[in-house]
Amino acid sequence: MSNKDRFEFGENWARFLSTLDDKRIDVAKQSLQALIQVNEFKQLRFLDAGSGSGLFSLAASQLGADVTSFDLDQNSVACTRQLKERFCPDSISWNVLEGSLADRNFLNSLGRFDVVYCWGVIHHTGEMWNCLENLLPLVKPGGRIVLAIYNDESYISGIWQGIKRTYQKIPKMTRPIFVAVVGAVLFFKRLIVTIMASCLRLFMLKNPFVPFLNWANETKSRGMNGWHDLVDWVGGWPFEVAKPEAVFRFMRDRDFVMQDFSTSGGHGCNEFVFVRERPVDVSHQAVEEQVSLIRPEIQGR
Ligand SMILES: C[S@@+](CC[C@H](N)C(=O)[O-])C[C@H]1O[C@@H](n2cnc3c(N)ncnc32)[C@H](O)[C@@H]1O
């Protein structure tokens with residue numbers, strides 16, 4: 001796919017950076033720690049594959065990790081470099097590169113990592129499964145990979161494909177209006193469903209505010225900005241989707257164990273955390289060690 005057909009993620013990120021403050025960075029750090037379930041980032045080798053704005057590279061770097069970031073889009077790379085200059089100018093343990101998940105030679109040159117963070121990226125590559133395959137060797141045995149991939153909602157995903165295609169085709173000047181209209185439709189659709197659920201609960205003498213609370217909890221932030229997220233959502237092209245079971249089976253067949261999973265339950269990304277299994281040590285010494293552990297038990301019988 002030629003680069004001119006792709007959504008210009010970096011342009012959107014550049015606008016987002018002007019809204020970035022310490023509060024958003026703290027939210028990003030918390031979301032990273034909660035998702036990866038690691039509190040101690042010191043000494044961790046962290047790869048941000050498709051770094052976008054660079055916010056999560058910055059979060060990992062401030063938490064003490066040794067960070068490598070890369071992105072296909074030159075403007076995204078520039079954003080990540082800008083964040084490094086702004087917040088960690090003297091850091092020698094944060095490396096920002098331009099490269100693609102489709103380029104195996106580039107990926108092989110990066111080494112192996114304790115954590116590979118690839119949030120919301122592979123479904124925008126145009127060759128989702130190939131890119132995922134390319135990325136897996138970069139996870140150390142015992143290391144983790146975090147993925148967020150658009151949920152497959154069958155014909156509704158088809159409608160989203162149409163929305164994104166339309167965004168690409170209309171004149172640039174009209175795009176913000178298109179995004180606002182799609183945002184408004186989504187908002188009112190959700191509002192009506194929530195009010196109906198609320199009335200139903202009231203009728204059943206249950207707490208009517210629960211549907212509103214659920215809505216608020218669903219939109220929990222990763223430190224991003226609502227408008228820029230929406231632009232990314234409406235415009236992000238190429239666009240692929242996957243059912244959670246397809247991702248699970250793909251990873252299981254490559255010796256990864258699912259450690260955590262949360263589903264969007266509709267449009268949005270399913271989040272996965274997989275751990276790479278350590279190879280079983282069948283050397284003579286390892287077998288001897290295991291036998292010596294159980295021998296006293298056998299002799300004691
Ligand atoms: C939705 S953004 C996600 C950014 C970031 N991971 C985050 O969590 O905010 C998707 C990013 O993937 C990048 N991308 C798309 N195709 C790529 C590829 N083949 N290799 C590397 N990055 C790619 C885009 O340039 C964009 O910055």
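The domain assignment divides the chain into domain 1, which covers residues 3-152 together with 238-276, and domain 2, which covers residues 155-235. In this predicted model, the centres of domain 1 and domain 2, taken over C-alpha atoms, are separated by 24 Å. Where the two domains touch, domain 1 contributes 16 residues and domain 2 contributes 13 residues. On the side of domain 1 that touches domain 2, the elements giving two or more residues are helix 1 (9-17) and helix 2, and the largest share, five residues, comes from helix 2. By class, the residues on this side of domain 1 comprise nine nonpolar, four polar and three charged.

The chain as a whole can be described next. It contains 12 helices and seven strands, and its C-alpha trace spans about 75 × 55 × 35 Å along the principal axes. Of the 301 residues in the chain, 30% are buried.

Two pairs of packed helices are set out below. Two packed helices are described by the angle between their axes and the distance between the axes.

| Helix pair | Angle between axes | Distance between axes |
|---|---|---|
| Helix 2 (residues 22-36) and helix 3 (residues 55-62) | about 75 degrees | 9 Å |
| Helix 8 (residues 175-203) and helix 10 (residues 226-235) | about 95 degrees | 10 Å |

For helix 2 and helix 3, which pack at about 75 degrees, the angle means that helix 2 is roughly perpendicular to helix 3. Helix 2 takes part in this contact through Ile25, Ala28, Lys29 and Leu32, while helix 3 takes part through Leu55, Phe56, Leu58, Ala59, Ala60 and Gln62. Sorted by class, the contact of helix 2 with helix 3 holds eight nonpolar residues, one polar and one charged.

Helix 8 and helix 10, with an angle of about 95 degrees, are therefore also roughly perpendicular to each other, since angles of 65 to 115 degrees count as such. In this pair, Val179, Val182 and Gly183 of helix 8 meet Leu230, Val231 and Val234 of helix 10. The contact of helix 8 with helix 10 consists of five nonpolar residues and one polar residue, with no charged residues.

How much of helix 3 is covered? Helix 3 is mostly covered, with seven of its eight residues buried, and these buried residues are Leu55, Phe56, Ser57, Leu58, Ala59, Ala60 and Ser61. The partners of the buried residues of helix 3 include helix 2 and helix 4 (74-87), and they also include strand 1 (45-49), strand 2 (66-71), strand 3 (94-98) and strand 4 (113-119). After helix 3 comes Gly64, a residue whose phi is positive, near 110 degrees.

The model also holds a ligand, which is surrounded by 21 residues. The closest of these residues are Phe9, Gly50, Gly52, Asp73 and Trp119. Taken by class, the shell around the ligand is made up of eight nonpolar, 10 polar and three charged residues.

Notes
Residues numbered from 1 in each chain as written. Predicted model: local features only at pLDDT ≥ 70, side-chain atom pairs only at ≥ 80, totals over all residues. Near = placed C-beta within 6 Å. Nonpolar A, V, L, I, M, F, W, Y, C, P; charged D, E, K, R; others polar. Axes fitted to C-alpha atoms, helices over the stretch in contact; angles between N-to-C directions. Helix = DSSP H or I, 4+ residues; strand = E, 2+ residues; numbered from the N terminus. Parallel < 35°, antiparallel > 145°, perpendicular 65-115°, else oblique. Contact = placed C-beta atoms within 7 Å. Buried ≥ 20, exposed ≤ 12 C-beta atoms within 10 Å, placed from the backbone. Domains from an automatic or database assignment.
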